[in-house]
Amino acid sequence: MYSVEVDRKWQQKWADMKLAAFNPKRLDKKLYVLEMFSYPSSAKLHVGHWFNYAPPDSWARMQKMRGYEVFQPIGFDAFGLPAENYAIKTGIHPEDSTLKNIDTMTKQLKTLGGMFNWDALLATCDPDYYRWNQWLFLQLYKHGLAYRKNAPVNWCPDCQTVLANEQVMDDGTCERCHTEVTKKSLTQWFFKITAYADELLEKLPALDWPEKTKKIQTNWIGRSEGADAVFAVELNGAPVLDEEKNPLALSVFTTRIDTLYGVTYLVIAPESPLLPLLTSEAQRASVEAYAEKTKKASEIARLAATREKTGVFTGAYAIHPLTQEKLPLWTADYVIASYGTGVVMAVPAHDTRDFEFAHTMNLPIKPVIEPSSGVDEPLPFVEYGTLKDSGPYTGLSSEEAIAALTRDLEAEGLGRKVVSYRLRDWLVSRQRYWGTPIPIVYCDHCGTVPLPESALPLTLPYDVAFSPDGVSPLAKSETFMNTECPVCGGPARRDPDTLDTFVCSSWYQFRFVDSQNKEAPFDTAKVNAMCPVDMYVGGQEHAAMHLLYARFITKALRDMKMLDFDEPFQALVHQGMILGSDGQKMSKSAGNTVSPDELVSQYGGDIFRLHLLFSFAYTEGGNWTDDGLLAVSRFISRIETLVQKAVSSRKTAAVPDKDLAYRVNYTILHATEDALKFQFNTTVARLMELLNHLQKATANSDSITENTYEAILTLLVLLAPFAPHFAEEMWEVTGHTTSIFAEAWPVHDEKALIRDEVEIAVQINGQIKTRLMIPRDIEEADLIEQIKEQDAYANWLAGRQPVKWIFVRGRLLNIVAK
């Protein structure tokens, strides 16, 4: 009888036979399968972690049986805020708690029975790993892709650290703690991801990724073609001078230079360093108060379409480059210093935000574009059209005017064609303890000095007060901070910050390939042979962070001649999220987490795995329920009973059985197609249908035909990736002495599928629950009875009663249930 003891038996056997080992002699058949790192930030894994790991492991097992040489490593994203916050909460040092959690989670992952290559195990908090983070930093610095500057940054008051733009939620809060994010000016390290903005866009279409994810990255990079127009500036009737006493001019980026004659005011970002120069004494107090208030809002919140428009007049005026008209210069929070030039020309008649602001502040609105159709449209009219009241450009189409105005402004030195991006360089400094120390020292004589590679790893000191107080914890450790300059030997200070943990996961896919290398982060030849990753699985929440950063680092390493390919992950699947039974995200604070340990002990790992596969669509997830566990348990028991009967029954010669051949080959075809697409719920449903048929075929006889027996063996092989321990046990019961995973995956026979049957969808209130093959001429009553016999029928109804059956012959049967 299947139990957790069967799991332990086969886990040991798999370890002994090195089932998960990768054979480098079969590189021509390699398949690199990788699930995103888990965070050892809490004591144990919950069911959501199993949902991340178990189904892709089933996919990998199936691919192994299909002849691929599978490499499926495992590791832990052990640095960062989750682990540090856990340590702060418990009072246990981050290193101690993280290593303990890694040990616990490793044991849990092994109970899952995953085909993970434990020889490649890595944890990012290991100095043998993060020394290569530091090496990567030095290479980027050497190639001009890492730099330090003072800039306004996102600051989380609760986490007491800087956040990258990608780590700020749409509502302006911290992605970790949901505290409102503010602005703060700090000197920080950045990676120059913008140097690859065009390539990051251009390579996206070729990736086998979800279209939504590619769109998220496209929008985040935000490429805009437009023009810069130059406006002179006056204050108190005189030209404004810059710090070098030269006349100051404002360069304004716009994608709609055709609306230039409709500009009625300009707006400068409140955080712009030019703002103090452009503020009159009479307006200074108001402007400074407004700029200070703006620091409390995130960029995302400021750009929200529903945000109330506010602003302050600076006292200065911009001079229109073509009409010489004086235009008031305002400061308003809907303009961001980091986008374009931080100054916008406001055309309220043809821009929604400008229109709302002008309406609020009672500023002029001047239409200069009219619909080409001649039909009046309400303002703001934001489409292309025909120019009016635009001097010599009146009557041109918007497209013609954009080309003409850009050309003429450039000829007069008053503008130029420009490409702008929403993407900003990756801010990597973090004011936290539990991360990779930055390999830089600051010397009064030599300035900023990178550590020599021979000095790596620069390890974290253990005795540090790591509770957050707004100051980098390492800055409080004098023994860490005080050092010698590697150039002159004089006294120097280390950088007190640590690296963003997304640096750890930006290149880990390469380290897995060569995880024991002591001389380099990886062997280039090995990684070029194994990468890109063939199938990458993880959450969609990383679309504009980890996935973008990993693509950037891959391209940078390629240009350093470390790699010969362009992208880290060729194919990508996002798993859905398993929520608590209350529909909320699982968390300890919400009290809705579900530990898999007790369920695994009670039912066994395979029943728990099958429940995840069968009860939830993998890319969608859903609210946790354990209602389906009993149904899956019965499914396993029925297979066990069938196998035992098959083994003990008298075998008779094979007889022609077209119906059996059809059902077996139909199951092979569609179970394979569904599983390859990560549609595991329908895969399991098809195996259940085959079991139903085999049970009926053997119900009233003490003998069994050879072809029926072979069909039962085929069922076990098809089941193996999805219930690996149980399938191995049944395979052994049938007399086999080798692993079921040494068997080739079945291939369907097209000739056996020629039959007068049709596939229909079975729905509950319009939602598809399964698909069935039925005779074309089946009677509705017979079909209803067949559906009622399905193992999952009660689960589909979920306590409701069928009130109506709607049969559309050849297509579907929909059960209306209440």
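The lining of the second largest cavity divides into five nonpolar residues, two polar and one charged. Here Ala, Val, Leu, Ile, Met, Phe, Trp, Tyr, Cys and Pro count as nonpolar, Asp, Glu, Lys and Arg as charged, and the others, Gly among them, as polar. To see this lining, select F614, A685, M688, T770, Q790, D791, A792 and W796. The volume of this cavity is about 40 Å³.

The model is predicted: local features need pLDDT of at least 70 and side-chain atom pairs count only at pLDDT 80 or more, while totals for chains, interfaces and linings use all residues. Residues are numbered from 1 along each chain as its sequence is written, and side-chain values use heavy atoms, with hydrogens and water left out.

A cavity is a set of points, on a 1 Å grid over the protein atoms alone, where a 1.4 Å probe fits but cannot get out; a pocket is an open set with protein on both sides within 12 Å along at least five of seven lines; lining residues have an atom within 4 Å of a point. Grid points are joined across faces, edges and corners, and a volume is the space filled by probe spheres set on the points.

**The largest cavity**

By this rule there are four cavities of 30 Å³ or more. Next, select G80, L81, R430, D500 and T501, which lie nearest the centre of the largest cavity among its 21 lining residues. The space in the largest cavity is about 200 Å³. Helices (H or I, at least four residues) and strands (E, at least two) are DSSP runs, numbered from the N terminus. By class, the lining of the largest cavity has nine nonpolar, six polar and six charged residues.

**The second largest pocket**

Move on to the second largest pocket, with a volume of about 1,300 Å³. It is lined by 49 residues, and I336, S338, Y339, G340 and R424 are the closest to its centre. Elements that give two or more residues to this lining include β5 (146–156), β7 (182–191), α10 (352–361) and β18 (426–427). Which element gives the most to the lining of the second largest pocket? That is β5, with seven residues. The lining of the second largest pocket has 24 nonpolar, 13 polar and twelve charged residues.

Within helix α10, pick T360. T360 is partly exposed, with a relative accessible area of 47%; buried means under 20%, exposed over 50%, and partly exposed in between (1.4 Å probe, protein chains only).

**The nonpolar cores**

Now select W426, L557, W624 and I787, which touch the most other members of the largest nonpolar core, a set of 196 residues. Such a core is a set of buried Ala, Val, Leu, Ile, Met, Phe, Trp, Tyr and Cys residues joined through side-chain atoms within 4.5 Å. Leaving aside neighbours within four places in sequence, L557 is in contact (heavy atoms within 4.5 Å) with W135, L136, F510, F522, M562 and L563. A second, separate core has 47 residues, among them Y261, L278, A316 and A346.

**Zooming out**

Show the whole protein: 24 helices and 34 strands. Of its 818 residues, 56% count as buried.
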